[in-house]
Structure formats: C-alpha cells, structure tokens
Amino acid sequence: MAKPMILSVIAPLSPPRSLAHELIARLTADITSGKIPPGSQLPTEQELIAATGVSRTVVREAVAALRAEGLVVTRQGVGAFVPANARRSFRVDLDQLSSLRDVLDVMELRTGIEIETAGLAAERAGPAQIRRIVDCFDAIDTAMKRGEDAIDQDFALHCSIADATGNPQFRRFLEHLGRFIIPRETIRGGPGLPKRAYGRTFQKEHRDIVQAIRGGAVAQARAAMRRHLLNSRKRYQRLAGKLATP
C-alpha cells in the first residue's frame, strides 16, 4: 500500500498529553483498526515528523513501543512494517485502575485464574513450597498486629501459592498485575469495615486456603479460594453501592 494513503490518516498532534503516548495510541489504533493494514510500511521518521509535528525522539520512542507490542517489525536500513499477525498483546492498564468498577473487574479476572492455582498447589506443592505458603500467611498476621495493612504480605501469599503450582506462568500473571490485585492497595480504607475486623475476616479465608493446600485437598483448596475471592468482591461491591448512594 502506498505511503501517501497511510499519511492521509495521520494528522498533527496536540500538546496536552505526552506526545509519545499520543502517537503510540494513534498508530496502535490505526494498525489494529486496519487503517494501516498488515504488510504496510510505516512512513519514514521524516515523514512522521512532518505529518505529526513531533520530534525525532518522539517518533523513535513510539516505533520502539509498537515493536515491543508486536505491532511492527523493523528491518535494518529499510524501515518499519506491520506484520501479517499484528495484534496488541494482552494487558491490564494499571495506570487507569482508579475506580471501584475497575477493581471489581480485576478481581473477577483473578477468580478465574486463582481458583485453579489453589487446586494445582494442593495437588503439587512440596514441603518447601508449603513452608513458604505458611510463612507468608504468618507474615500477614505479624504485619496486622503492627497495625499495618499487610498488602505486601498478602501479595506474597498469593504469589507463593502460584509458585507451588510448578507452573511459572501463574506467578507471571500475578506479577503483571502486581500489588493492584490486593484491593486495599487501590482503595484505601477497605470495604467499609474497621481495619482489624476486616483483617480477621480475610485472614480466616486465607487460613482455609492454606489448610486445604497443606492437606493436599484439591477440591477444598479450590472452594476456599473461590469463597475468598467472591467474598472480597462482595465486600467491595457493597462499598461501591454505598459510594454510589447520594
């Protein structure tokens, strides 16, 4: 496809946002929508600079980001091309996790993954992995006794369960989400309960999960993780309802 046709869909950028982020977003949208179709060569640096009014640094940053996403491939001395299988990789935009709705959506996503994680941990965990899970559980108790939120310790417990599956992809999934999987990190103050009472509630749920994994009880581990995550969602749904009430 001729480059002049591609350039016709690219207009000058306005300055309020990060120019690199805006150029990345615009080119991503053009590629994924088919405006810049598979097999096309991107305009050259100079052509993009002229079309958008940004600097060479911004253009190079944008192309590098598109390459990292798998949306373009670069050929030395030739340019950047849209591959036939161009598609944006799965991601959760953590920078935009600001509302309770966003938090609840991530919690629902976790439910589908972590129930299986708990079951596999119960089936596969060795003595060292079980000790690590128990240590992480105990660390939550210790942190709460110091009056802390125990966010780091909570995240470590879930990661230790993921490790016990023997499948590193579960841990990578949690690490991709990071500490945002613990709603207390995103919504300060917890779901409308006094901190100590809330801590006792979720720690009891954790205890049920840990005991099932220690006992090698696969079905019970899955059920305990399901209860924990569903109960957490219900607690935050109640909070969402209270915040929505005038």
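The model is predicted, so local features are described only at a pLDDT of at least 70 and side-chain atom pairs only at pLDDT 80 or more, while totals for chains, interfaces and linings use all residues. Residues are numbered from 1 along each chain as its sequence is written, and side-chain values use heavy atoms, with hydrogens and water left out.

The protein contains eleven helices and two strands; these are DSSP runs numbered from the N terminus, with helices (H or I) of at least four residues and strands (E) of at least two. Read from the N terminus, the order of elements is α-α-α-α-β-β-α-α-α-α-α-α-α. Of the 246 residues, 43% are buried, meaning under 20% relative accessible area with a 1.4 Å probe and protein chains only. The exposed surface comes to about 13,000 Å², with 52% supplied by carbon and sulfur atoms; this area follows the Shrake-Rupley method with a 1.4 Å probe. Among contacts with a separation of 6 or more, 69% join residues 24 or more positions apart, a contact being heavy atoms within 4.5 Å.

How confident is the prediction? The pLDDT (the predictor's confidence in each residue, from 0 to 100) averages 82, and 76% of the residues score at least 70. Confidence is highest in helix H6, at a mean of 96, and lowest in helix H9 (residues 183-186), at 52. Over residues 185-193 the pLDDT stays under 50, and the model has 21 contacts beyond four places in sequence for this stretch.

Two packed helices are described by the angle and the distance between their axes. For helix H6 (residues 127-145) and helix H7 (residues 151-163), the axes come within 8 Å and cross at roughly 170°; axes are lines fitted to C-alpha atoms over the stretch in contact, and angles run from 0 to 180 degrees between N-to-C directions. H6 is therefore roughly antiparallel to H7, a label for angles over 145 degrees. Residues making this contact include Ile 133, Phe 137 and Ile 140 of H6 and Leu 157 and Ile 161 of H7. By class, nine nonpolar, three polar and three charged residues take part.

Finally, Leu 229 lies in helix H11 (residues 218-244). Leu 229 counts as buried because its relative accessibility is 1%. Beyond residues up to four places away in sequence, Leu 229 touches Met 107, Arg 110, Thr 111 and Glu 114. The C-alpha atoms of Leu 229 and Glu 108 are separated by 8.1 Å, although these residues are 121 apart along the chain.

Conventions. Angles under 35 degrees count as roughly parallel, over 145 as roughly antiparallel, 65 to 115 as roughly perpendicular and the rest as oblique. Ala, Val, Leu, Ile, Met, Phe, Trp, Tyr, Cys and Pro count as nonpolar, Asp, Glu, Lys and Arg as charged, and the others, Gly among them, as polar. Buried means under 20% relative accessible area, exposed over 50%, partly exposed in between (1.4 Å probe, protein chains only).
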